[in-house]
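Look through the sequence and the model below. The text after them goes through a few local features one by one.

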Amino acid sequence: MRNDRQPDRPPLTTGAGWHRRRRGLAPWLLIGLYVVIGLAPLAITWLRGHPRQGLAHDLSSGLVMVGFAMMLMQFLLSGRFRDITGRVGADITILFHQLIAWTILAFVLLHPFLYAVPGLWPDPAQAVATLRGMFGSDALRSGGIAWWLLILLVPMAMWRDRLPIRYEIWRLSHGLGAAVIALAGLHHTLTVGTYSADPWLAGFWVVLAGLAVASLVHVYVLKPLRQFRHPYRLVSNREVADRIWEIQVEAERRPAINFAAGQFIWLNLGHSPFRLVEHPFSLSSTPADRPRLAVTVRESGDFTNRIGEIPVGTRAYVDGPYGTFTLARRRASGLAFFAGGVGLGPIIGLLRELVQEQYRGPVHLLYGNRVETQILYRDELEAMGKTLDFRLQLILSEPPEGWRGPAGELTPEVIDACLDGRFPKDWLYFVCGPVPMMESVEATLLARGVPARRIVSERFKYS
Ligand SMILES: Cc1cc2nc3c(=O)[nH]c(=O)nc-3n(C[C@H](O)[C@H](O)[C@H](O)COP(=O)(O)OP(=O)(O)OC[C@H]3O[C@@H](n4cnc5c(N)ncnc54)[C@H](O)[C@@H]3O)c2cc1C
């Protein structure tokens, strides 16, 4: 943050939260690696001096090789590798994974059709015959399996919310389907691929496919195994606002995970770690509260609607921490938080840490809810002014009679009024809540001249 003004009040960036390192590769390094690996098969083919096969043929094999390399890298972009997500964020990583999937699909889809293109002239029937031959060929069966499965997998992932299947079933089918595509694609490439006889290219594919499969083994076997040996236990489960529960778990054996306030974990309550029944929740506790970890959960579906019934003593497993919604390695002369509903979860974690560290810069919290009974940790928030230079603004869209705070949403007018129209460029602005609220707050901040890099957001929904 080179352009940050040095804080004029001392010392605004002290304490564990600010100096905590963010684990992970730098974004420029990740992009560089991605481009190099994606283009490596073309470079190898060129360096090895393979003869040209004609435009359509070269285009077909070139696109499918790049597509297959990108497809194998998708395994590492699942959001579960902290070396990859640590600096860019799990949400950005998953968004990239989702968007790039369409490019991969396009490259792979075109592959057989481009082969058939030269047959289009003078007799188009020739092209149809080539395609028929390819799809009916036993030798090309593994390629066909990978091709059809990819066509199924990408739209299923994109529209998974509309599928009549549980998230866990979808996740399992996605992982298994991707593994079959990788292995069938590898078989196709090594047996009938245009350059299958080239040992350098074959070596490249084996290593990359091996990495992809190893990443699956890591996520589905090794990680659960580590969790199994490092269990947690539910030590408190209480309703802290209307249909919002605070869940506290405690590490049973080794120390609890090390995290920065504001990060999130994947929490498994009461199931074997091998069953993939886990949900992402932001930590509302601070590192100083360890060995206890707390998350604040709103009832919103199959699992969370029954979370209040889970008894104290239940075994729990934790994977994490993930996320960049933290103060780690950031600097600011003031902080503004914008929370909507249970979006206060990670924000209260950050505020608690600021209280513990006796942060001396100005802190604003604009916290919107529908009704008063949904306001989380109200007493604690109101007491924060004793330690912090704190301005709390509670906003209700359905206020009770006699409500003295602002009514409505976090509109530009409400934000302007709460911040006195001041949006210093060297502050940090943290935003978490329902997606429409986040989009509107982010747009207001940008319109008021806040640089995008000073806005830190956490979305509770990936797609
Ligand atoms: C980074 C992050 C942090 C979050 N932090 C919090 C928090 O602090 N408090 C809170 O209340 N909520 C949080 N959420 C949202 C929470 O994870 C979902 O509300 C919860 O998983 C829904 O589960 P359900 O089975 O009750 O709902 P369902 O109705 O079954 O699912 C609703 C939608 O949630 C998504 N979903 C369901 N299960 C999962 C899963 N295992 N993994 C990922 N997505 C899933 C799917 O898109 C699904 O369509 C967070 C989400 C993310 C991504």
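P321 is found in strand β6, residues 315–322; strands (E, at least two residues) and helices (H or I, at least four) are DSSP runs, numbered from the N terminus. The peptide bond leading from G320 to P321 is cis, with omega near 0°. This is a predicted model, in which local features need pLDDT of at least 70, side-chain atom pairs count only at pLDDT 80 or more, and totals for chains, interfaces and linings use all residues. Residues are numbered from 1 along each chain as its sequence is written, and side-chain values use heavy atoms, leaving out hydrogens and water.

Another cis peptide bond joins R290 and P291, where omega is about 10°. P291 sits in the loop between β4 (279–282) and β5 (292–298). In the loop between β1 (232–241) and β2 (244–251) is R243. The phi of R243 is near 60°, a positive value in a residue other than glycine.

Now the helices. In α2, I37, A40, P41, I44 and T45 meet W200, L201, F204, W205 and L208 of α9, where contact means heavy atoms within 4.5 Å. These residues divide into nine nonpolar, one polar and no charged; Ala, Val, Leu, Ile, Met, Phe, Trp, Tyr, Cys and Pro count as nonpolar, Asp, Glu, Lys and Arg as charged, and the others, Gly among them, as polar.

Last, the ligand. Of the 23 residues around the ligand, E278, H279, P280, R298 and T304 come nearest, a residue being near if one of its heavy atoms lies within 4 Å.
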